[in-house]
Amino acid sequence: LNACPPGWHLHGDDEWIQLEVAIGMANVDARKTGWRGTPPGQAFILLEGGTSGLDLCICGHYYGKKMKYFNKEAFYWTATMQDKRNVWIRHFIGRASIDRVPNPADLKMSVRCLKDGE
């Protein structure tokens with residue numbers, strides 16, 4: 001997936017896991033599929049207004065030619081394919097936990113680019 005400008009790269013699933021562990025998610029939980037997290041809630045730390053300063057936005061995604069879930073949910077790509085058809089994503093929906101789930105690679109979702117070497 002080439003979603004980032006030169007000198008930057010799309011977070012891989014392992015980099016998301018490292019981020020989630022760094023903000024307090026248990027390592028064993030971070031590697032699970034589905035809704036994961038521990039109090040006070042890693043999603044709240046990463047989303048707009050959270051203490052991480054990352055300020056991920058709840059911006060929905062495109063499905064076909066329609067925007068869906070704007071201001072209700074957020075879907076962020078990883079650079080890691082789960083299989084030949086699906087890519088790992090992170091899903092946020094206004095709750096304390098973060099969803100780690102595979103989704104079809106042809107959906108249009110948000111990305112978080114990380115500067116190379118960081």
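The model is a predicted one, in which local features need pLDDT of at least 70 and side-chain atom pairs count only at pLDDT 80 or more, while totals for chains, interfaces and linings use all residues. Residues are numbered from 1 along each chain as its sequence is written, and side-chain values use heavy atoms, with hydrogens and water left out.

**Aromatic pairs**
- Rings of Phe, Tyr and Trp (its six-membered ring) pair if their centres lie within 6.5 Å, and planes under 30 degrees apart count as stacked, over 60 as edge-to-face and the rest as tilted; by this rule there are two aromatic pairs.
- The ring centres of Trp16 and Tyr76 are 6.2 Å apart with their planes at 50 degrees, so this pair is tilted.
- Tyr76 also pairs with Phe92 in an edge-to-face arrangement, with 6.1 Å from centre to centre and 85 degrees between the planes.
- Trp16, Tyr76 and Phe92 together form one aromatic cluster.

**Burial**
- Buried means under 20% relative accessible area, exposed over 50% and partly exposed in between (1.4 Å probe, protein chains only).
- Tyr76 counts as buried because its relative accessibility is 4%, and Phe92 counts as buried because its value is 0%.
- Trp16 is buried, as is Tyr76.

**Charges over rings**
- A charge sits over a ring if NZ of Lys or CZ of Arg is within 6 Å of the ring centre and within 35 degrees of the ring normal.
- Arg95 lies over the face of Trp35, at 4.2 Å from the ring centre, and the charged end of Arg100 sits over the ring of Trp88, 4.0 Å from its centre.
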